[in-house]
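Subject: Structure handover

Hi,

Here is the structure we talked about. Please open it alongside this email; my notes follow.

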Amino acid sequence: MIGPVGEGYPGLRAGTVRRHGALVTGHRLFAPPLVGRADVLLDLHRALIETASGAGGCIVVQGSAGIGKSRLLDAAAVEARALGMAVAVGRATALDRAAPLSTMRSLLQNAQPPGLDLITASDRGVNPLWLVDQIAEQIEQYVRRQPMLVCLDDAHLCDELTSLALRILVPELASSPLTWLLSRRPAAVRTFGQDAIDWLIGEGARAHDLEPLSKEAVTDFCASMLGAAPDDSVVTMAERGDGNPFLLEQLLSTLRDTGQLTVTNGVATLVGTELTADFLSAVDLRLRDLPELTRRILDASSVLGRPFTVHEVAGLVGRSAIELLPAIDEAVSAALLEADGTELRFRHDLIREALYGQLSEPVRRVLHREAATVVQREGRSAVEVAEHLVRGGHAGDGQALLVLRQAVAQIAPTAPNTAADLILRMLDLINQHDLSRPQLVAEAVRLLALGGRISEAIALGEATLHTGLDSAQEAALLLGLAEALHVTGHSGDVVNYASRGIGRARPGDPVRAELLSVQAYALLDTGDIAGGDNAGTEAAALGAATGAYGALVCGTSARSIAARMVGNLRAAVGYARDAVRIAEQVGGEARRRHPRLWLAAALTAVDEFTEAEALFTHDQRESDSLGTAWTQPRWYYHRATMLALSGRLDDAVAEAEAGARVAEQLAAPALSLPLLTLLASLSIHRDDLAGARDRLGRAHEIVAAGDVPVPADLTWTVAQFQISCGESASTAIAPIVAALTDDQVLLRMLARRPCAAPQLARLARAAGADSLAAATVETARQLARRNPDIPSLVGTAEHAAGIIHDDLGALRRAVHTLEQSPRVMSRAAAMEDLAAHEDVNVRRDDAVRLVEQALAIYLSCNAVRDAARAQKILRELGVRRRQRQANATSGQGWGSLTASELRVVRLVAEGLTNRQVAAQLFVSPHTVDSHLRHSFSKLGVTSRVELTRQVLLHDRAAGATTGDD
């Protein structure tokens, strides 16, 4: 079990020196004691035992600097190694925040035994979600050989992409034998790391708050460290250290080193009063007798902000590396520096912070400017060079700006917030009239919005627009605002900024084509179909004329969306195929607009599900390679919709859940709104009303936070939910009547969801809203007339008419037509209604046959609520035979697993990683993770080891039951 390091060590003898942060006598190592943390140590011990047995998890230790967090991580690492576990130990630094994935990469590459060789994030086209998935795959493969403990000290300092990785990896790998142990300091200023840790704690990570040591623990600390019983004078001095172990260590070490503490007959006594209980005074005393060159090395090193090489510090102080070795050894002997592999680092960041804080501002700036040159010469990244240029106030000249632009280009795809912050700091150093300023502002605005900082983006953009920009600069800035707000789902603001930009752009400017294309999408999102189609047409024409092929593809895709929204579905397919063809021909930026996504959506609308699914799979893989993570939530939504329409409800739920999590991870909640609406609808079919209520609540929170109107789809789903909860038709339909007063709104809703027509017509008639019922039937017929070759539209129109007019012939035609459609749930619903009319017309046998067919469909789809309704109808028809049950979503045990969950469970039990399972099933790793979460809950397991055991036991029992050997 983890125990207090150094506890029970004998007293120090004369000649003791300090090396690498510990007390050394001969060959005996005396580390500062670890006392007063028994509860945390016990929890860590239990977690390691569980991990060694196959379960994963996450523990956070938090407290002020020097409170003992690092010692706990070290103690956990020692026990993990003793248990035969692999261990990765790392520490985030302040400089990490400027370099995407630097924290995670250095952490995992230090794993022992070796075996993790992480891909870098330096390529501009890298998709951050794809990158994290690759890391997850490597870790999964690694821990299959050996359980692992990952210790990340000062995790609050980790970079933006590492923070995203933690939010994804910790829950996704929770079923693997992997424990994450993170430490952080509390801070008033929010950081990416702080937010990620807060999120992990909210998701179930255990947190330990380290309080100052008690008086008894302080006394034990002194006794253990000094090897002697402290008398009252020592205890009184130690109590002035506020129970902070690191400060106590510094005080006691300095007292001993300066001769102010003696040990006689096993009792430690204070004999001097020069030292006050202050960390800075302890550091000053530690530095007092050091040679001048050693002090210069320490000052210069404090500027680097990370582990450093001897050559780097030599460059900063202007000496050769060989000359510095004796002075560096002095710093190590004084326990100020320590070795970190082939580099050096400060033994504790408090020491570095103290030294850095004592530098005057002019000296600090000079050192940062020199550091920029040194680290560039040593081959460090442009991001690190840029950080020193900014801190040195040296970002205004041409060469510095070039480096800064390179840094922004390097990190923007994977860390938009970090890139935006770097630009903002650049702007503080650039003259207000600098010609490069407007372009930098436009880029900062785009990145701020991409990072979810919408209000900051708008404030910066608006402030800059009033600084005397020319028309071309204004148009470029407004384009940056419009594009960024579009990908985060803020369509109303997009229309505003795009319109203003179009007014400022020259008629033949490619920027105008780009503005028109983004305006087209936003207008369609806000319901202005004619305006969106016109803007798309103009964008495509101008894009073709000016070579702005991205705008050409977007404009053509927008025309496809517009045609689909009004039910001109074959035209929608045609426009989408044109957009795909153009993107394939010209490549480059045009391919990044993902026209295949819109082609797949159009193909879904015309019932061509097989080609649509193939395109969805292709588009997801292409978005991985192109680095366009922002398409992912839309991809998940459209694929989940197609799966739901085809009756694969369980798969649709997994896809939609994965998409909603991705939208959350990308700080784009608006993109999760349609996903949450779809999930609520699916939850109703699966008889999970609690889940539906939760999803609808989250959807309304997003609507309220974004100050946007409630979408008609959301209003319709709320009505379905209320009916399912027993509300009257008149109460449920009231918001629908208000929302669908405009015929165009009704057309858009039914063009997107034709299967809603029969349900809406029935609900309207039951509530006495006859005009809405009649309008619904007429709109459905209008869509059918426009698309006479699409069975789902023709069939649902007949279905709706049959309900309203009690038309047996129409209902029979509906069932016959829908038998040619892949939308099996629509077919089953039509069979139910036809059965009711056949029964009324004394054709009971036909009615029973129809309901049994509908029930079979519902059962195959796992539509629990619909299946229960069909079974009730059968009982009313006098059918008493035992019926097979659908899988309840809240059930437990093997019988509750869906077919998709079973497939995932068996592949995982065979030892496949999430990505390997995803490749076999042609889904994403996030979708696999969704299936696993449900499966683990149903089977009551927490690890892949337990899951594999359950599979073996289940198969053995099944074999015994069937008599198989």
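Predicted model: local features only at pLDDT ≥ 70, side-chain atom pairs only at ≥ 80, totals over all residues.

Start at the hairpin formed by β10 and β11. There are 2 residues between the two strands. Asn 265 sits in the turn, with a positive phi of about 55 degrees. Strand β10 covers residues 261-264, and strand β11 covers residues 267-270. They run antiparallel and are joined by 4 bridges.

The mean pLDDT of the chain is 85. Residues at 70 or more make up 90% of the chain. Over residues 1-30, pLDDT stays under 50. The model still has 73 contacts beyond four places in sequence for that stretch. Residues 121-125 also stay under 50, with 15 contacts beyond four places in sequence.

Now the overall picture. The chain has 965 residues, and 59% of them count as buried. Its secondary structure comes to 46 helices and 13 strands. Take the contacts with a separation of 6 or more: 68% of them are between residues 24 or more positions apart.

Next, the open sheet. It has 5 strands, in the order β5-β6-β7-β4-β8, and the pairing is parallel. The edges are β5 (86-91) and β8 (206-209), each pairing on one side only. On average, neighbouring strands are turned by 15 degrees against each other, direction ignored. Strand β4 (residues 57-62) is joined to β8 by 4 bridges. Among the residues involved, Ile 59 has Arg 206 in β8 as its bridge partner. Helix α6 (residues 192-202) lies across β4, β7 and β8. It runs at about 130 degrees to β7.

Helix α23 comes next. It spans residues 510-525, which is 16 residues. From first C-alpha to last it reaches 23 Å, close to the 22 Å expected at 1.5 Å a residue. Of the 16 residues, 13 are buried, so α23 is largely enclosed by the rest of the structure. At its start, a side-chain oxygen of Asp 509 comes to within 2.9 Å of the backbone nitrogen of Val 511. After the helix comes Gly 527, with a positive phi near 95 degrees.

Is His 368 buried or exposed? The cut-off for buried is under 20% relative accessible area. His 368 has 0% relative accessibility, so it counts as buried. It lies in helix α15 (residues 361-377). Beyond its neighbours within four places in sequence, His 368 is in contact with Val 303, Tyr 356, His 388, Arg 391 and Gly 392.

Last, some backbone details. Most residues other than glycine have a negative phi, and most peptide bonds are trans. These spots depart from that:

- The peptide bond from Gln 112 to Pro 113 is cis, with omega near 0 degrees. Pro 113 is in the loop between α3 (102-109) and α4 (128-145).
- Asp 687 has a positive phi, near 60 degrees. It lies in the loop between α31 (673-685) and α32 (689-706). At 38% relative accessibility, Asp 687 counts as partly exposed.
- Asn 862 has a positive phi of about 60 degrees. Its place is in the loop between α41 (844-861) and α42 (864-876). Asn 862 is buried, with a relative accessible area of 4%.

Best wishes

Definitions and conventions:
Residues numbered from 1 in each chain as written. Heavy atoms only, no water. Pairing = 2+ DSSP bridges. Axes fitted to C-alpha atoms, helices over the stretch in contact; angles between N-to-C directions. Contact = heavy atoms within 4.5 Å. Expected span 1.5 Å × (residues − 1). Buried < 20%, exposed > 50% of the residue type's maximum accessible area, 1.4 Å probe, protein only. Polar contact = N/O pair within 3.5 Å; in protein donor to acceptor, adjacent residues only side chain to side chain. pLDDT = per-residue confidence, 0-100.
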